[in-house]
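Here is a short briefing for a reader who is new to this structure. Start with the view below, then go through the points by topic.

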Amino acid sequence: MDTHVGKLIDSVGSIFRGSDVLPWCDPDIIAGFESEVAEAANEEQKTESLMRLSWALVHSRQPEDVNRGIGMLEASLDRSSSPEETREKLYLLAVGRYRTGDYTRSRQLLERCLEIQHDWRQAITLQRLVEEKTKRDGMIGMAIITGAFGVVGLVAGGIIAAASSSSRKR
């Protein structure tokens, strides 16, 4: 367990070192936390282990792991024992939604996090990432639309030019 927690702490440390990149979680860390959940001696240990497993899942590179983490967190959200636990679960759900590309839902979850603690650095950092990603995706979409209109314009211009040149030959 200590090895897995150590890797987890190293992974999370990237956020606190000023990096804006969310940490990734390796499959061996997930497997370690799955074992920890199975071996939990009491309900409190199981709850703590499930939170660590949820963290690892939403930080996975595997979409099925991320979706599994989202499902676990959504199922347990109503059973939060404190505002801080609710905040943590909302944040992890926001991470999962960010990883799946659901930026609108991620933004909504982050707003709920920040209602609980308005100055929470992790949520603010992720909120900035969501906004940057949304803006970048919007610009890419606009470039695609502009390019499509340009192609349509060229084709239409070519057809008109061909039609006018063939009508002049008659």
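Of the 170 residues in the chain, 36% are buried. The model is a predicted one. The chain has seven helices and zero strands. Its pattern along the sequence reads α-α-α-α-α-α-α.

**Whole chain**

- The chain exposes about 10200 Å². Carbon and sulfur atoms supply 56% of that area.
- Take the contacts in the chain with a separation of 6 or more: residues 24 or more positions apart account for 52% of them.

**The largest nonpolar core**

- In soluble globular proteins, nonpolar side chains tend to be buried together.
- Here, the largest nonpolar core holds 34 residues. Tyr91 and Leu126 touch the most other members.
- The elements that give two or more residues to this core are α2 (27-38), α3 (43-58), α4 (63-76), α5 (83-100), α6 (103-116) and α7 (121-169).
- The largest share of the core comes from α5, with seven residues.
- What does Leu126 contact, leaving aside its neighbours within four places in sequence? The list is Leu22, Tyr91, Ala94, Val95, Tyr98 and Leu110.

- About 250 Å³ of space lies in the second largest pocket.
- Three helices, α3, α4 and α5, each supply at least two residues of its lining.
- The largest share of the lining, five residues, comes from α3.
- The lining is made up of Glu43, Thr47, Leu50, Met51, Ser54, Met72, Ala75, Ser76, Arg79, Ser81, Glu85 and Lys89.
- By class, the lining of this pocket has four nonpolar, four polar and four charged residues.

**Arg97 in helix α5**

- Arg97 is found in helix α5.
- Is Arg97 buried or exposed? Arg97 counts as buried because its relative accessibility is 19%, and the cut-off for buried is under 20%.
- Not counting residues up to four places away in sequence, Arg97 touches Ile70, Glu74, Asp102, Tyr103, Arg105, Ser106 and Leu109.

**Ile124 in helix α7**

- Ile124 has its place in helix α7.
- Ile124 counts as partly exposed because its relative accessibility is 34%. That class lies between the cut-offs of 20% and 50%.
- Residues up to four places away in sequence aside, Ile124 touches Leu114, His118 and Asp119.
- Ile124 and Glu111 are 13 residues apart along the chain. Their C-alpha atoms are separated by 9.4 Å.

**Gln127 in helix α7**

- Gln127 also sits in helix α7.
- Why does Gln127 count as partly exposed? The reason is its relative accessible area of 22%.
- Gln127 touches Leu110, Glu111 and Leu114, again not counting residues up to four places away in sequence.
- Gln127 and Leu114 are 13 residues apart in sequence. From C-alpha to C-alpha, the two are 9.8 Å apart in space.
- Leu114 is touched by Gln127 and by Ile124.

Methods. Residues are numbered from 1 along each chain as its sequence is written. This is a predicted model: local features need pLDDT of at least 70, side-chain atom pairs count only at pLDDT 80 or more; totals for chains, interfaces and linings use all residues. Side-chain values use heavy atoms; hydrogens and water are left out. A nonpolar core is a set of buried Ala, Val, Leu, Ile, Met, Phe, Trp, Tyr and Cys residues joined through side-chain atoms within 4.5 Å. Buried means under 20% relative accessible area, exposed over 50%, partly exposed in between (1.4 Å probe, protein chains only). Helices (H or I, at least four residues) and strands (E, at least two) are DSSP runs, numbered from the N terminus. Contact means heavy atoms within 4.5 Å. Accessible areas come from the Shrake-Rupley method with a 1.4 Å probe; for residues, only the protein chains shown count as cover. On a 1 Å grid over the protein atoms alone, a cavity is a set of points where a 1.4 Å probe fits but cannot get out, and a pocket is an open set with protein on both sides within 12 Å along at least five of seven lines; lining residues have an atom within 4 Å of a point. Grid points are joined across faces, edges and corners, and a volume is the space filled by probe spheres set on the points. Ala, Val, Leu, Ile, Met, Phe, Trp, Tyr, Cys and Pro count as nonpolar, Asp, Glu, Lys and Arg as charged, and the others, Gly among them, as polar.
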